[in-house]
Amino acid sequence: MDIILKNGRVVDPANSMDTEADILVKAGKIAQVGKGLKVQDARQVDCKGKVVLPGLIDSHTHFRQPGREDEEDFVTGSRAALKGGFTSVLCMANTNPVVDNKGVVEYICSEAAKAGLINIYTVAAVTKGLEGKELTETAQISAAGAKALSDDGKPVINPEILRRAMEYAKMFNLPVISHCEDPFLSRNGVMNEGLLSTRMGLKGIPRAAETVMVARDIEIARLSGARLHIAHVSTKESVEAVRQAKKRKIAVTCETCPHYFVLTEEAVSEYNTNAKVNPPLRTQEDVEAIKKGLSDGTIDIISTDHAPHSAEEKDVEFDFAATGMIGLEFAASLSYMELVKKNVLDWKGFAEKLSINPSRLLSLKNKGSLSEGADADITVFDPSGTRKVEISSIESKSKNTPLLGRELAGTAAIVIVGGKIKYENGKFC
Amino acid sequence: MAVAWKRKDLLDLESLSAEEIELILETTGSFKEISQRPIKKVPTLRGQTVVLFFFEPSTRTRTSFELAAKRMSADIVNIQTNASSLTKGETLKDTARNIEAMKVNIIIMRHSCSGAPHMLAGSVSPSIINAGDGSHEHPTQGLLDIFTIKEHKKKIEGLNVSIIGDIAHSRVARSNIWGLTKLGAKVTVCGPATLMPPEVEKLGVKVTYDIKEAIEGADVINMLRIQLERQGQNLFPSIRDYSMAFGLDAGKMKMAKKDVLIMHPGPVNRGVEITPEVADGPYSVILEQVTNGIAVRMAVLYLLSGVKERVE
């Protein structure tokens, strides 16, 4: 049945649109956008007071399939995505086995299709086994459908290998997503380096561990002429390095995650392992710089770095705890609360960072906009919705988040994927 | 002393108030005498079970706690294991819950991970005493150092105390810094820049890389142990280089005040951070620290067990 979304505030940066309008969805596509649309035989959905956005796209997710299905899988991950308003995600390659050949790419594409809830895309590794030594077979991987290359979780340590990988990736228009961390500077580190790490007696990760690699990778991008995307930017200095690179017209984009503009290192005090993440939570100064970077366009994308971990991996000594936190269910709310409500971004900016920019990064056809003819992936966001973060209401199989107990404002009311309502007012359809 | 002890655990000195520290020091004074009796035993903790839960090798601290508990008539169980219980497939929390299920009263814990005792304190009911966690704190060592200083100098406020050595990895340094600054001492930390924790000056201490500055005018010099395995990590070029710049020898002692106290938490690397003639010399109170360690630990056991009685 066709669907008509009535009287929502339609925000679509691709068409410079931010106005109250109706959207008609027909046969999986956006058929028409306009005021006062009248259609018979369509399900009418009142969107008054809600914001109608192109479906949100997460450019940085870990669904743990294959290998750690006890922590997350395509179905539970998809439900978490839908609850958070996401219609598409890009899974990182650090699964077991690693996504470093055509076979695993094909496995993910077919399993993701079986889950059938959202669009699940995959990255493939830059190097075999994420070992930083041997390039993966990029032509095959690209043909099998991988959308980007990344050794996420690890940097490509040897800059010569990164250069060759980027030159090769360029032929297939695949961006290389770089996890910027100098492993020598960060060795054994478990939190941000500074006064708090001194007080807690924990080994710190200096900000320079990230920024030296951002600077290096920008130069490699310039050298190779390929597209570089910097994952999970956490420091003020990294934001500045990307800002300068963009001024120099180098093909670099970057992302940050909500935890880097909502939380600071204070979240790990009391040795809270749910706040242990890599790169580590930084300081208020970094939070401000990241917000500035989001508002001036230096930071292109808000991703989640959704990293599910079992309780057994988190409920241990801080040094031994796994790094990462889940994020898909909270990213849109946090972006609304911290950015839109505080005038860092307007709704257009929100839709850019969470939909069209990730779509452009990954060259997703017909996604990220509400243009007529585009895929009908739509997120209806209710700014007046509220949610308390509680273990019992988390969809993800893993519950590792430092937000437990927090009240969130703004929730996804309706999520449409491929023209079908998949999530509506708290229920999966 | 007006304050009463209200805490279930002793995890660090950072979270204690000056009054709470004073209370422990005062209580220590009354326990010190017991170890000087011919029959060194009081019935204070009779019927209470104390578990020594050591994930890191320790002779001095473990023996000190064990004697403290025995002299108070507690029943003692010793668990000494490898740093990582994960190798056995059982998590630290599970192990602790098993101990808890055996109805023990106090767990004294040493662990190579900072924060490990804090994690347990929040998840099991027995009192937890931190006997050293990673590079974080070693509160009873800090307390016994302060007690020893106070015995000699009669006060802490206004004293110049220098802590020299590997500050970055030292839980003794952190506990001393918190305890001493809370009681009004002026603390200087001195060591190579590579072994200085970031932003340590924000803890209210003076930082110097020049041992002369740390020695001159100091009322107390606390020399920290250099872990010899740091040598391979490029944290300093060689033991010889370290000793030349930061080792305390008779020559450097000439710059010290006449009534300076020389302390060391042990075990001493003779000839590395401190030469034998200084360690055994007239200013040294290193063995007094060891004696006082038992009294401090008796006081802490007493205060924590008292809380339990009131709660029950």
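Biologist: What makes chain B of this predicted model a chain of two domains?

Modeller: In this predicted model, chain B is divided into domain 1, made of 18-138 + 292-311, and domain 2, made of 139-289. These bounds come from an automatic or database domain assignment. The centres of the two domains of chain B, taken over C-alpha atoms, are separated by 26 Å.

Biologist: What makes β5 and β8 of chain B a pair of strands?

Modeller: Two strands pair if there are at least two bridges between them. Strand β5 (residues 160-164) and strand β8 (residues 220-223) of chain B have four bridges, in the parallel sense, and therefore count as a pair. B:Ile164 of this model stands opposite B:Met223 in β8(B).

Biologist: Why are β7 and β9 of chain B said to stand at the edges?

Modeller: The open sheet of five strands in chain B has the order β7-β6-β5-β8-β9, with parallel pairing. β7 (206-208) and β9 (261-263) of chain B each have a single partner strand, so one side of each is left without a neighbour in the sheet. Neighbouring strands of this sheet are turned by 20° against each other on average, direction ignored.

Methods
Residues are numbered from 1 along each chain as its sequence is written. Chains are lettered from A and ligands numbered from 1 in the order in which they are written. This is a predicted model: local features need pLDDT of at least 70, side-chain atom pairs count only at pLDDT 80 or more; totals for chains, interfaces and linings use all residues. Helices (H or I, at least four residues) and strands (E, at least two) are DSSP runs, numbered from the N terminus. Axes are lines fitted to C-alpha atoms, for helices over the stretch in contact, and angles run from 0 to 180 degrees between N-to-C directions.
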